[in-house]
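Visitor: I have a model open and would like to talk it through. Please show it first, and we can go from one spot to the next.

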Amino acid sequence: MPAKPKARKLARKVKAGNARSAAGTDPKRVAAILAKLDEAYPGATCELKHENPFQLLISTILSAQCTDVRVNQVAETLYKKYPDPKAFAYATPSELEQEIRPTGFFRNKTKSVMGASKAIIEKFGGEVPRTMEEILTLPGVARKTGNVVLGTAYGITSGIVVDTHVLRLSKRLDLTRNDDPKKVEQDLMKIIPREKWIHFSHQLIWHGRRVCHARKPKCTECNLASLCYSKDKTV
């Protein structure tokens with residue numbers, strides 16, 4: 001019995017979608033995207049100001065649902081008052097809440113910051129751990145934070161940072177079809193050379209902040225335009 005028209009149409013769509021996805025992650029296309037990112041952002045790096053791995057850890061926790069600009073503003077005075085893990089671990093919660101209030105979700109962030117600081121003192125001798133397995137045991141730390149700290153502070157390629165910009169741009173560039181950050185990271189790790197993992201995430205974040213905005217991407221200014229066929233394109 002022949003397939004119904006709707007079923008045949010759906011099958012064609014699925015087949016076309018699979019073919020397009022395969023084309024999106026073609027090694028030559030991925031290499032071209034990486035070359036364009038190198039051309040546009042050769043010096044891309046983490047924009048959270050920090051003087052050591054611990055400060056980067058705390059700032060990354062504070063950056064959840066907050067801009068790096070705001071976190072950096074808070075950090076200017078925060079690390080003078082709380083210079084090390086011990087100062088954060090034994091801070092007065094109500095006082096710390098007020099210090100980080102501008103970053104939003106300050107009560108939960110206070111618990112995470114104090115909890116992570118205590119764990120660093122009690123379990124890791126006052127040093128931010130250097131493995132993903134260990135850093136994920138810290139309160140308030142998930143893979144994104146772990147990748148930021150390990151990659152930026154220690155140069156350890158444990159994975160790829162998937163924040164809101166990396167998630168959005170990876171989908172627009174057809175490098176993934178997933179919405180879950182963990183799955184997106186796994187997709188990217190399969191197609192991006194390991195030696196590029198750290199720099200690649202910084203470059204996408206820079207591109208997302210400067211050009212490929214969520215609502216009105218500046219496609220006329222984008223050097224990736226010729227490689228992008230996103231439905232969100234403005235040209």
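Guide: Let me begin with Gln65, which lies in the loop between helix 3 and helix 4; helices here are DSSP runs of H or I with at least four residues, strands are runs of E with at least two, and both are numbered from the N terminus. This is a predicted model, in which local features need pLDDT of at least 70 and side-chain atom pairs count only at pLDDT 80 or more, while totals for chains, interfaces and linings use all residues. Residues are numbered from 1 along each chain as its sequence is written, and side-chain values use heavy atoms, with hydrogens and water left out.

Visitor: What is phi of Gln65 near? And is Gln65 buried or exposed?

Guide: Phi of Gln65 is near 55°, a positive value in a residue other than glycine. Gln65 is exposed, at a relative accessible area of 70%; buried means under 20%, exposed over 50% and partly exposed in between, with a 1.4 Å probe and protein chains only.

Visitor: At what angle do helix 3 and helix 4 pack?

Guide: Helix 3 (residues 53-62) and helix 4 (residues 68-81) pack at about 135°, with their axes 10 Å apart, where axes are lines fitted to C-alpha atoms over the stretch in contact and angles run from 0 to 180 degrees between N-to-C directions. The two helices are therefore oblique to each other, given that angles under 35 degrees count as roughly parallel, over 145 as roughly antiparallel, 65 to 115 as roughly perpendicular and the rest as oblique. Helix 3 passes helix 4 in a right-handed crossing, the term for a near helix turned clockwise from the far one by less than a right angle, with anticlockwise being left-handed.

Visitor: Which residues in helix 3 and helix 4 meet?

Guide: On the helix 3 side they are Gln55, Ile58, Ser59 and Leu62, and these meet Val71, Ala75, Leu78 and Tyr79 in helix 4, contact being heavy atoms within 4.5 Å. Sorted by class, this contact has 6 nonpolar, 2 polar and no charged residues, where Ala, Val, Leu, Ile, Met, Phe, Trp, Tyr, Cys and Pro count as nonpolar, Asp, Glu, Lys and Arg as charged, and the others, Gly among them, as polar.

Visitor: And helix 9, at roughly what angle do the axes of helix 3 and helix 9 cross?

Guide: The axes of helix 3 and helix 9 (residues 143-154) cross at roughly 150° and come within 10 Å. That makes helix 3 roughly antiparallel to helix 9, and helix 3 passes helix 9 in a right-handed crossing. From helix 3 the contact is made by Pro53, Leu56, Leu57, Thr60 and Ile61, and from helix 9 by Thr145, Val148, Val149, Thr152, Ala153 and Tyr154. By class, this contact of helix 3 with helix 9 has 8 nonpolar, 3 polar and no charged residues.

Visitor: Switching to helix 6, which of its residues are buried?

Guide: In helix 6 (residues 93-100) the buried residues are Leu96, Glu97 and Ile100. Seen down the axis of helix 6, they fall within an arc of 105°, so they line one face of the helix; the arc is that of the directions from the helix axis to the C-beta atoms. Their cover includes helix 3, helix 4, helix 5 (85-89) and helix 7 (106-124).

Visitor: With which residues is Pro93 in contact, leaving aside neighbours within four places?

Guide: Pro93, which lies in helix 6, is in contact with Thr110 and Met114 once those neighbours are left aside. At 41% relative accessibility, Pro93 counts as partly exposed.

Visitor: Where does Asp174 lie, and in which loop?

Guide: Asp174 lies in the loop between helix 10 (164-172) and helix 11 (181-191). Its phi is near 60°, a positive value in a residue other than glycine, and Asp174 is buried, with a relative accessible area of 4%.

Visitor: What does Arg209 touch, neighbours in sequence aside?

Guide: Not counting residues up to four places away in sequence, Arg209 touches Glu47, Asp68 and His165. Arg209 lies in helix 12 (residues 197-210) and is partly exposed, at a relative accessible area of 29%. Arg209 and His165 are 44 residues apart in sequence and 7.5 Å apart in space, C-alpha to C-alpha.

Visitor: To finish, how many helices and strands are in the protein?

Guide: The protein has 12 helices and 0 strands, and of its 235 residues 44% count as buried. Its C-alpha atoms fill a box of roughly 70 × 45 × 30 Å along the principal axes.
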